[in-house]
Amino acid sequence: MCEVKVITGTSAAAEAAKLADVDVIAAYPITPQTTCVEKLADFVANGELNAEYIKVESEHSAMSASIGASAAGARAFTATSSQGLALMHEVLFAAAGMRVPVVMMNANRALSAPINIWNDQQDSLSQRDTGWIQLYAEDNQEVLDLVIQAFKIAEDEKVLLPVMVNLDGFILTHTVEPVTLPKQENVLDFIGTYEPKHAYLDPKKPMTQGALGDPNYYMETRYAIETAMENAKKVIADVHDAFAEKFNRAYGNGLIESYNLEKAENVIVAMGSICGTIKDMIDLKKKEGVEIGLLKIRCYRPLPIEMIKDALKNAKNVAILDKSISLGMNKGAIYADVASHLKDKKTVNYIVGLGGRDITPEDILGIYDDVEISEDGKTNWIGLKEE
Amino acid sequence: MTGSQFPREELFAPGHRGCAGCGAAIVARLALKAAGKNTIVANATGCLEVMTTPYPETAWRVPWIHVAFENAAAVASGVEGAVAALKRKRGKYGEEKVNVIAFGGDGGTADIGFQALSGAMERGHDMVYIMYDNEAYMNTGVQRSGSTPLMASTTTSPAGSLIRGETMPKKNMPMIMAAHGIPYVATASISYPEDFMNKVKKACEINGPAFIQVMQPCTTGWGYPADKTIELGRLAVETGVWPLFEIENGEFKLNYKPLKRKPIEEYLKVQKRYRHLNPEEISVIQKTIDMKCDEYGL
C-alpha cells in the first residue's frame with residue numbers, strides 16, 4: 001500500500017531520502033532548500049530515520065562531509081541551493097573525481113548580485129562541468145521519484161558518480177501537491193544497499209583515496225568520468241523503467257520526455273517545473289486544433305543529445321528555453337548545448353524567468369508564435385522591462 | 001608509555017617524497033604508531049598529502065582520504081559520522097574503536113581550514129585533529145601563514161629594508177581551540193616523541209574532539225641543514241618558543257619545564273628565515289617569548 005501526502009517539493013525530497021534509509025546527512029540551511037533539511041532533522045530527532053545528522057557550518061563542509069561519509073561506505077545525502085551550491089563548487093569536482101555516489105537535492109535559485117532568493121536555474125547550470133549527473137523535476141511527485149532513482153543510478157557500478165536532483169525554488173520547493181509515497185521496504189528492495197567495492201575507508205583493508213594525480217594519470221581520470229557519464233545514460237533509462245514497473249509511474253524514457261511531438265512543427269525544449277505550464281498550453285491549443293509540442297529534458301548531464309535529436313525529428317521551429325544566461329554569449333546553457341546539434345532546424349533561444357520573473361501561459365503561447373517568425377539563432381529575453 | 005613500549009610496526013611507510021630531514025613525515029610516523037592500525041586518516045592538501053600519495057604510490061598503511069585544502073576537518077566529520085552510522089545500523093566494526101585523525105598543516109588549519117576546523121570541534125565529533133605546524137605555506141613555496149611567527153622572513157613576508165619580515169605575532173591556535181570547550185588540547189614537538197605519542201594516544205582514547213598542534217621544523221622553509229631538524233625542534237622548546245602543555249577538560253598542565261631557558265638567539269641564529277635580524281630585533285623577540293613564558297609558568 002502506498003500513502004498519499006500533500007507535501008512540498010522539499011518535503012518530497014526529504015521523504016525520499018528517508019525512504020532510501022540514508023546513513024549520513026550533512027547539511028546547511030539555505031532558502032529555499034531549508035525546509036528539506038529541517039524535515040530530515042525532524043525525522044532523525046523523532047527516531048523515524050536512523051542516520052547521523054551533521055550540522056555543518058557551511059555548504060562547503062556539507063559537501064566535504066558527504067564525500068567523507070560516502071567514501072567511508074555510508075549512503076550520504078545533502079541538499080543546497082544557489083549560493084550554497086556555488087560555495088560547494090570546488091568540492092563538487094572532488095566528489096565526481098573521487099567517484100563517491102552522493103545524492104544531493106538542489107533548490108534552483110538565482111545567484112547574487114543583486115541578492116535574489118527566487119527561482120532560476122543559473123546555480124545548477126553553472127555546475128554543468130563538475131562531473132555530476134543532473135536531473136530536473138517537473139513536479140513534487142517527480143522530486144520524490146527522482147531522489148529514489150538517484151541513489152540507484154549513483155551507486156550503480158557502471159556509474160559511481162554523484163547525482164544532483166534539481167527542483168525549481170518556491171515553484172516546487174514551497175508548493176504543496178499530492179505525492180504518493182511508496183513503502184520503504186519496496187524502495188529499499190529497489191535500490192539495495194550501498195556496498196562500495198571501488199573505494200572505501202576501512203582499517204581492515206587500507207586504501208588511499210584522493211591521491212595526487214600527476215600528468216601521467218590525471219587525464220585518464222577525466223576520461224573515466226566521461227565513460228561513466230556515457231554509461232549513465234543507459235543506467236538512468238533502465239532505472240527509470242524498473243521504477244516504472246515497480247511503482248507505476250513513468251516519465252518519458254527517463255532522460256527526456258516528449259509531449260505532442262509527433263505532429264507539431266513548433267516545439268519548445270525546456271527543463272523543470274515550467275514544463276507543466278507548457279503541457280497545459282499544448283492541451284489548450286490541441287483543443288483548438290493547433291499542434292504544438294514540448295521536449296522536456298529530465299537529464300541534463302549526461303545530455304542525451306541523440307535522443308533529443310531523434311525526438312525533434314519532425315520539428316521545424318525549435319524554441320529553447322533557458323532559465324540561465326551565459327553572460328557575454330547572450331545564450332543560455334541549454335541552447336548552447338542543444339542548438340548546434342539541430343542544424344536542419346530553426347532554433348531560437350528564449351531567456352526566461354531569471355531571478356523569479358513570472359513566466360505566464362501567455363508568454364508560453366507567445367513563444368510558440370514567435371519561434372515561427374523569429375530569425376534562426378536569435379536570442380529573445382522574455383518579460384524584460386524596456387527602459 | 002615509554003619509547004620501547006611503542007610498536008615497532010611502521011604504519012607510515014618509508015619511500016615517500018618528503019625532503020631530507022622533513023619533520024612532517026616524522027609527525028605522521030609517530031602519530032600512527034601511537035594511534036595504531038584501527039585508524040582512518042583525513043588529510044588536508046599540503047606537503048604531507050603531496051609527498052605521500054603520488055599515484056600509484058602511497059606511504060599510508062591505514063585508510064587515508066584527501067579531498068581539498070580547507071576541509072580535512074569536515075571530511076573527517078563525514079568519516080566519523082559514517083563510522084558511527086555503520087556501527088549502529090549494520091554492526092560494522094563491532095566493538096572496535098576506530099580512530100579518525102585529521103592532519104592539516106598550519107595554513108590548512110589556522111587559515112583556510114579554520115572554519116571547517118572550528119565547526120568540527122564545536123560539533124563534538126570523536127576525532128583527533130593534528131596540526132603539523134611548520135609556520136608557513138611550505139608546499140606552495142614558503143609563504144606566510146597565520147601561524148608564521150613575528151619577524152620570520154617568508155616569500156610573502158620578506159625581510160626588506162622597510163618591513164622586517166612577518167609583522168604579526170603567531171596565531172594562538174591551542175588557546176583558540178581550548179576556547180571551543182573541547183575535552184583535549186595539546187601542544188607537542190617531534191623532538192619529544194614520547195610526549196607527542198602519548199598525547200596522540202590519549203587524544204584517541206578520549207571521547208570527543210581533540211586538537212594537537214605539533215611543531216615541526218622545516219629544512220626548506222626555515223633554512224637549516226637537513227640533519228638538524230630534531231635539534232631545532234628541541235631548541236624551540238628549550239628557549240620557550242614552543243612550550244609543551246595540554247589542556248584536559250579545561251585544566252592546563254605544563255608538560256616540560258627546562259631547568260634554564262636558553263636565550264632565543266640560539267634558536268634564531270641557525271635559521272635563514274631570521275638571518276636579517278639585528279640585536280635590537282632579537283631582543284624584541286626575546287621579550288615577547290619572556291612574556292609568553294611568564295604566562296605559561298615556564
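**Figure 1. The largest pocket of the predicted model.** In this predicted model, 37 residues line the largest pocket, and G97(A), M98(A), G210(A), A211(A) and T221(A) lie nearest its centre. Two or more lining residues come from each of α4 (82-97), β9 (208-209) and α8 (218-247) of chain A. The largest share, 6 residues, is given by α8(A). Sorted by class, the lining holds 19 nonpolar, 10 polar and 8 charged residues. The volume of the largest pocket is about 1,000 Å³.

**Figure 2. The second largest pocket.** In chain B, α6, β6, α10 (264-268) and α11 (279-296) each give two or more residues to the lining. The largest share, 7 residues, comes from α11(B). The lining has 18 nonpolar, 4 polar and 6 charged residues.

**Figure 3. Helix α5 of chain B and what covers it.** Helix α5(B) spans residues 114-122, and its buried residues are A116(B), L117(B), G119(B), A120(B) and M121(B). These buried residues are covered by elements including α3 (59-71) of chain A. From chain B, the cover includes α3 (72-90), α4 (106-111), β4 (128-133), α6 (173-178) and β6 (210-215). After α5(B) comes G124(B), with a positive phi near 80 degrees.

**Figure 4. Cysteines C19(B) and C22(B).** The count of disulfides over all chains is 0. For C19(B), the nearest cysteine sulfur is that of C22(B), 6.2 Å away. C22(B) is likewise in no disulfide. C19(B) counts as partly exposed because its relative accessibility is 45%. C22(B), at 17% relative accessibility, counts as buried.

Note on methods:
Residues are numbered from 1 along each chain as its sequence is written. Chains are lettered from A and ligands numbered from 1 in the order in which they are written. This is a predicted model: local features need pLDDT of at least 70, side-chain atom pairs count only at pLDDT 80 or more; totals for chains, interfaces and linings use all residues. Side-chain values use heavy atoms; hydrogens and water are left out. Buried means under 20% relative accessible area, exposed over 50%, partly exposed in between (1.4 Å probe, protein chains only). Helices (H or I, at least four residues) and strands (E, at least two) are DSSP runs, numbered from the N terminus. Contact means heavy atoms within 4.5 Å. A disulfide is a pair of cysteine sulfur atoms within 2.5 Å. On a 1 Å grid over the protein atoms alone, a cavity is a set of points where a 1.4 Å probe fits but cannot get out, and a pocket is an open set with protein on both sides within 12 Å along at least five of seven lines; lining residues have an atom within 4 Å of a point. Grid points are joined across faces, edges and corners, and a volume is the space filled by probe spheres set on the points. Ala, Val, Leu, Ile, Met, Phe, Trp, Tyr, Cys and Pro count as nonpolar, Asp, Glu, Lys and Arg as charged, and the others, Gly among them, as polar.
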